[in-house]
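The following exercises concern the structure shown below. Each task is followed by a solution that goes step by step.

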Amino acid sequence: MFVPFLIMLREGLEAALIVSLIAGYLKKTGRGRWLKAVWAGVISAALLCLLLGIAINETTGEFPQKQQELFEGIVAVLAVVILTWMVFWMRKMSRSIKTQLESAIDQALSNTRGQGWALVGMVFFAVAREGLESVFFLLAAFQQDVGINAPIGALLGLACAIGLGMLMYYGGIRLRLEKFFKWTSLFILFVAAGLAASAVRAFHEAGLWNGFQNVAFDFSQTLSTHSLFGTLLEGMLGYQEAPSVSEVAVYLIYLLPALLLFFLPARGGRAAKVIG
């Protein structure tokens, strides 16, 4: 429940940040009449992501077992790629996202024809990118946690993100999001490493990967996944009490370079505040 909550809070907050920056800039520059185009782009993107998520989720249950495992492995790999890209994209863009958005708005509204459509398209693609990232991660998360807790966590995270976005726009609050994105990004890298290991496990069950299947270690007697702490680790970080050598190897092969790149100083100096 916590991981879907955190991902949706972060992804939703990124989308809310972008929308609030666009709406605030339009209002500040006396172009508030274009706010309807902004909301049209937001709603269109949200509907697209929702329909895509429902369609994929409804069709995957019809696959035979091995094809189901293969699909789960592919989704896990996509989720790893998307989460990693999300972390390093925000790390890079947090320094200049406001300036770039304002420049894109001016360009979209500079032409005398098709201004509304240009703005709708700009907002649509910005929000759809965040939404599609969320769709593939949630598909991977729901496959690991088949109960109702994961969807509830995702909805709560989205609701919190929407609430914070409204406070940023209507309440005029100034948030320093640098630390929030830094620590959530660090946690997400561990989540992605767990998903990478689960992809190897899924490919093995699908019959595509059979190498290095010896048990790397067995913590079933000391930290079982049936215990409270073990269950939390399994849900948050993909912990397995008796993983194979290949699962542990992929986990470390992904995580160690990712952490090294994450803690290297960002080019161009210290990242600026996203808001404020």
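Patches are made of residues with over 30% relative accessible area and no salt bridge, with like charges joined within 9 Å and nonpolar side chains (Val, Leu, Ile, Met, Phe, Trp, Tyr) within 5 Å. A salt bridge is a side-chain nitrogen of Lys or Arg within 4 Å of a carboxyl oxygen of Asp or Glu. Accessible areas come from the Shrake-Rupley method with a 1.4 Å probe, and for residues only the protein chains shown count as cover. The model is predicted: local features need pLDDT of at least 70, side-chain atom pairs count only at pLDDT 80 or more, and totals for chains, interfaces and linings use all residues. Residues are numbered from 1 along each chain as its sequence is written, and side-chain values use heavy atoms, with hydrogens and water left out.

**Exercise 1. Identify the residues of the nonpolar surface patch and the helices that supply them.**

Step 1. The patch consists of Trp39, Ile43, Leu47, Leu50, Ile54, Leu158, Ile162, Met166 and Tyr170, which together have about 910 Å² of accessible area.

Step 2. Helices are DSSP runs (H or I, at least four residues), as are strands (E, at least two), numbered from the N terminus. At least two patch residues come from each of helix 2 (35-60) and helix 6 (149-169). The largest share, five residues, belongs to helix 2.

Step 3. Met166, in helix 6, has a relative accessible area of 46% and is therefore partly exposed; the classes are buried under 20%, exposed over 50% and partly exposed in between (1.4 Å probe, protein chains only).

**Exercise 2. Describe the overall composition of the chain.**

Step 1. The chain has nine helices and zero strands.

Step 2. Of its 276 residues, 46% are buried. The chain exposes about 14800 Å², of which carbon and sulfur atoms supply 68%.

Step 3. Contact means heavy atoms within 4.5 Å. Among contacts in the chain with a separation of 6 or more, 83% are between residues 24 or more positions apart.

**Exercise 3. Which residues have the most contacts inside the largest nonpolar core?**

Step 1. A nonpolar core is a set of buried Ala, Val, Leu, Ile, Met, Phe, Trp, Tyr and Cys residues joined through side-chain atoms within 4.5 Å.

Step 2. The largest core has 34 residues, and Leu83, Phe137, Leu189, Val191, Leu195 and Tyr254 have the most contacts inside it. Helix 7 gives the most to this core, with nine residues.

Step 3. Beyond its neighbours within four places in sequence, Leu189 is in contact with residues including Val87, Phe88, Tyr254 and Phe262. Apart from this core lies another, of 28 residues, among them Leu13, Leu17, Val19 and Met122.

Step 4. Val19 lies in helix 1 (residues 2-28) and is buried, because its relative accessible area is 9%. Not counting residues up to four places away in sequence, Val19 touches Val38, Trp39, Val42 and Val127.
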